[in-house]
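Dear colleague,

I am passing on the structure below, and I would be glad if you kept it open while reading the notes that follow it.

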Amino acid sequence: MSILDRLSRLLRANVNDLISKAEDPAKIIDQALRDMRAAYAEARSEVAAAMSQNAKLEREANTNRRMASEYEKKAEEALRGGSEELAREALRRSQNAKDLAAGFEEQLGVQSQTVEQLKTQLRALEAKIDEMESKKSLLAARQKTAQAGATLDRVSGFSKAGGAMDAFEEMEQKVSGMEDRNRAMQDLRKENDFDAQLKDLGRGQALDDAMAALKAKVQGGGGSNSGS
């Protein structure tokens with residue numbers, strides 16, 4: 001994969017998608033940043049090499065243009081000196097130098113486009129790295145906040161109060177159950193008391209009846225004894 005392709009792939013990567021799909025977003029961001037920094041360093045090296053190649057191509061093109069001009073002058077001199085054959089050879093060499101200069105210029109154009117593409121993508125990658133760095137810092141802050149919230153919830157008075165409230169409600173239910181059972185027992189005892197009162201009431205009446213009968217008997221008996 002060429003550095004341009006690699007840069008394009010990294011630049012197309014959606015940071016939010018990477019984070020949302022990751023079990024550990026921080027690790028994904030760290031890995032992505034390592035990849036981007038490595039690609040950036042490699043791209044900078046290639047840009048430097050390409051720019052150096054540009055200078056070499058331009059130098060070669062200039063050298064061959066200068067040689068073409070010099071051979072043209074020699075061709076004129078040879079022709080003025082009456083040597084058509086030398087003039088023809090000088091012109092041939094001049095044309096070769098012009099062809100080489102044109103070839104070097106063509107390569108220089110292609111190379112310059114590549115350099116500009118690399119420079120553009122380098123700038124875009126720099127912005128992408130800055131974005132990732134910002135998201136990493138934000139994500140770290142969000143994680144710390146979430147962890148602090150979870151810890152606070154776990155050890156805070158609200159959590160303890162919630163547990164105490166649950167225990168209180170459970171105890172309240174137990175006490176209510178005991179009170180219900182006590183009321184039921186009291187009701188049963190009252191019913192037994194009524195039965196006992198009724199039984200005692202019956203016994204008292206029977207005792208009164210027996211006492212009245214006894215009095216009547218005694219009184220009746222006393223009368224007959226006094227009469228005799």
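Leaving aside residues up to four places away in sequence, Ser94 touches Ala68, Tyr71 and Glu72, where contact means heavy atoms within 4.5 Å. Ser94 sits in helix H4, residues 84-155 (helices are DSSP runs of H or I with at least four residues, numbered from the N terminus), and it counts as buried because its relative accessibility is 2% (buried is under 20% relative accessible area, exposed over 50%, and partly exposed in between, with a 1.4 Å probe and protein chains only).

Please keep in mind that this is a predicted model, in which local features need pLDDT of at least 70 and side-chain atom pairs count only at pLDDT 80 or more, while totals for chains, interfaces and linings use all residues. Residues are numbered from 1 along each chain as its sequence is written, and side-chain values use heavy atoms, with hydrogens and water left out.

Asn62 belongs to helix H3, residues 25-80, and is partly exposed, since its relative accessibility is 33%. Between Asn62 and Leu100 there are 38 residues of separation in sequence and 10.0 Å in space, taken C-alpha to C-alpha.

The unreviewed UniProt entry places a "coiled-coil region" at residues 33-74 and 108-142, although such annotations may be inferred rather than shown by experiment. In the model, the span 108-142 is 100% helix and 0% strand, and its end C-alpha atoms lie 50 Å apart.

Finally, Met211 is located in helix H5, residues 157-227, and is partly exposed, because its relative accessible area is 41%.

Key:
Helix = DSSP H or I, 4+ residues; strand = E, 2+ residues; numbered from the N terminus.
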